[in-house]
Amino acid sequence: MQKFTELTKRNLKLYFREPGAIFFSLLTMMIVIVLMTFFLGDMNVENITELLGYYPERDAQADKKNAELLVFAWTCAGVLSINAVTVTLAAYSGMMKDRVSGRLNAIYTSSANQFAIAASYVTSAWLASVVVCVLTLVVLEVIGVSRGMGWFSATEHIKLLGMILVNSFTYAAFMYLLSHVAKSEGAWSGVGTVIGTLVGFFGGIYIPIGGLSDAVGAVMKCTPVIYGASMFRKVMTETVLGNTFDGIPAEVIDEYRLIMGIDLEVGNKAVSLTESWWI
């Protein structure tokens with residue numbers, strides 16, 4: 001246990017001491033924020049306000065404000081889901097360096113068993129992701145409150161923390177298995193580039209799942225990314241979604257939730273929050 005703890009601490013220090021690894025693990029998040037700030041965000045807000053405009057006696061200014069908060073909350077949920085992927089991916093850069101330099105062989109010859117060594121890499125990637133995601137949540141929530149969005153409740157915070165823990169562990173384990181395919185730092189960097197590019201798409205962040213064809217949507221539902229994003233969206237948009245669509249027929253709200261990937265359907269059956277969690 002002592003060797004496992006020491007190795008986990010070492011791996012965490014290697015990640016947080018490397019500015020390049022931290023930067024590239026957050027690069028996809030930065031791209032999403034830029035796209036939403038200057039391009040996609042305004043388009044999504046316009047779509048909502050245009051929809052609400054079909055209903056008479058509404059406050060256009062209040063609708064626009066609520067729409068902006070809804071798109072912000074929806075974007076934040078996507079950011080948290082993709083951070084779990086990119087941070088765990090970057091956290092294994094230290095293991096790749098150990099493997100290429102031969103340090104990993106030296107570690108294997110120590111008194112630590114192979115299970116403890118493998119578990120230390122997975123645990124350090126998991127904890128790194130949890131730390132970054134929690135800090136991201138705090139920053140995004142403060143920004144949201146400054147823009148007029150309320151604080152999340154204690155229950156919502158507990159749910160979000162649980163989602164961060166589960167989402168981060170899923171990708172920490174998956175990336176460990178994937179790391180055995182790449183035999184060099186260059187190959188691992190290439191894997192990171194591909195995954196960093198695709199994760200925003202498969203999470204329905206660049207283009208909502210409802211804006212894609214049924215075939216593409218079916219492919220997205222075969223990956224865990226869209227389910228992780230959906231989990232965060234259900235919780236983070238609940239209050240502001242109710243405020244935005246107050247007085248709007250329930251079937252319109254349900255359709256919007258499906259289009260934006262807040263709710264998911266597989267085989268015409270709604271996927272619950274618990275089911276997304278297990279997936």
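With which side chain does the side chain of Asp263 make a polar contact of 2.6 Å? The partner is the side chain of Arg257. A polar contact here is a pair of N or O atoms within 3.5 Å; within protein, one must be able to donate a hydrogen and the other to accept it, and residues adjacent in sequence count only if both atoms are side-chain atoms.

This is a predicted model, in which local features need pLDDT of at least 70 and side-chain atom pairs count only at pLDDT 80 or more, while totals for chains, interfaces and linings use all residues. Residues are numbered from 1 along each chain as its sequence is written, and side-chain values use heavy atoms, with hydrogens and water left out.

Let's stay with Asp263, which sits in the loop between α14 (250–259) and β1 (264–266). Helices (H or I, at least four residues) and strands (E, at least two) are DSSP runs, numbered from the N terminus. The side chain of Asp263 also has a polar contact with that of Lys234. Here are the two pairs together:

| Side-chain pair | Polar contact |
|---|---|
| Asp263 – Arg257 | 2.6 Å |
| Asp263 – Lys234 | 2.7 Å |

Beyond its neighbours within four places in sequence, Asp263 is in contact (heavy atoms within 4.5 Å) with Ser230, Lys234, Arg257 and Leu258.

Now for burial, where buried means under 20% relative accessible area, exposed over 50% and partly exposed in between (1.4 Å probe, protein chains only). Asp263 has a relative accessible area of 18% and is therefore buried. Asn167, in helix α9 (residues 154–179), is buried too, because its relative accessible area is 6%. Not counting residues up to four places away in sequence, Asn167 touches Leu80, Ser81, Ala84, Gly228 and Phe232.
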